[in-house]
Amino acid sequence: MNLMNLTNLMNRSIRRIAALSFAGVLLGALAVHSQTPSPGPASASTTTPPNSLNPATGRAALNIVVLDPAHGGTDPGARGSAGIREADIVLELTAQVRHGLENQGFQVLQTRSSNENPSFDDRSALANAQTGAIFVSLHVSSTGLSGTVRAYTMADMPLPSTTGGLIPWDQAQASYLPLSRKLGDAVQGELTQRFKGSPMNVQSAYVRQLRTTAAPAIAVELSSVAMGDKTDLDRMLPGVADAIVRGIVTFRPSYVTPAVPGNAPGAKP
């Protein structure tokens, strides 16, 4: 058989295989389509935003905010003489922050949405399971200058020594502290403009929820449950929520954490 005949035979075979392959793909697609219900309206809290990568850096872009209303369940948090409970106030604040963030196109997850008390590790794990996320824990202090608000990051931590590419669970925040401080300063800058007497910059403290979080993470604390009238705290919430949202929007372009497995914390100790 000469080369021309062989070539013609091969071309005919290739066309036949291609036609059969296309038919198989088409039939498969039709079968999947016939079994898949039409999706209903999507909400910002359940739909992954389309731009999961920052085109300028090729790294994970900030799309998800994990909100952590502190305390809950059998732990009411700080309690005031007027019956104010920290666990209740932070749930109300979370709802307002969530609404503002979703209006800005963020996907929002909550560590709790009712009167329950997830463990510290469970709260961190929700953020650690995401790509392109930050973590914001919400609190009300038992003391302090009424009408002020402070943002906190975890205090200095030594950089972790990875084992097999895994970060020790209790050192998960260490690598993220510079980004956490940048996020905290962005939020605190907005808070200072609205609440006289609030500090100019983010503060450092030991906040258990932040230590095991492998993402930029801050805590925001209002002062305080010692207010004699809950209405005074209620009036603060919209301004605090708006400041948090604006600070996160300002921080968003700075989020450059690579989306690689080595950033994930290892097993709990």
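Me: Why does Arg235 count as exposed?

Reply: This is a predicted model, in which local features need pLDDT of at least 70, side-chain atom pairs count only at pLDDT 80 or more, and totals for chains, interfaces and linings use all residues. Residues are numbered from 1 along each chain as its sequence is written, and side-chain values use heavy atoms, with hydrogens and water left out. Exposed means over 50% relative accessible area, buried under 20%, and partly exposed in between (1.4 Å probe, protein chains only). Arg235 has 58% relative accessibility, so the residue counts as exposed. Asp232, at 29%, is therefore partly exposed.

Me: What makes the pairing of Arg235 and Asp232 a salt bridge?

Reply: The term requires a side-chain nitrogen of Lys or Arg within 4 Å of a carboxyl oxygen of Asp or Glu. For Arg235 and Asp232 the N to O value is 2.5 Å, which meets that criterion. Both residues lie in helix 6 (residues 230-251), three residues apart, about one turn of the helix. Elsewhere, salt bridges that share partners join Glu190, Arg194, Asp242 and Arg246 into one network. The structure holds 11 salt bridges.

Me: How do you know that Arg98 and Glu102 are separated by about one helical turn?

Reply: They are four residues apart in helix 2 (residues 86-103), which means a separation of about one helical turn. Helices here are DSSP runs of H or I with at least four residues, strands are runs of E with at least two, and both are numbered from the N terminus. The side chains of Arg98 and Glu102 also meet in a salt bridge at 3.0 Å, N to O. Glu102 has 26% relative accessibility and so counts as partly exposed.

Me: Why is Thr213 called buried?

Reply: Its relative accessible area is 0%, so Thr213 is buried. Thr213 is placed in the loop between helix 5 (208-211) and strand 8 (217-222). Leaving aside residues up to four places away in sequence, Thr213 touches Ser124, Ala127, Asn128, Phe135, Ala172 and Gln173, where contact means heavy atoms within 4.5 Å.

Me: What makes strand 6 largely enclosed by the rest of the structure?

Reply: Five of the six residues of strand 6 (residues 149-154) are buried, and the strand is therefore largely enclosed.

Me: How do you know that strand 6 is paired with strand 8?

Reply: Two strands pair if DSSP finds at least two bridges between them. Four bridges join strand 6 to strand 8, and these strands run antiparallel. Arg150 has Glu221 in strand 8 as its bridge partner. Three bridges join strand 6 to strand 7 (residues 203-205), in a parallel arrangement, with Tyr152 opposite Gln203.
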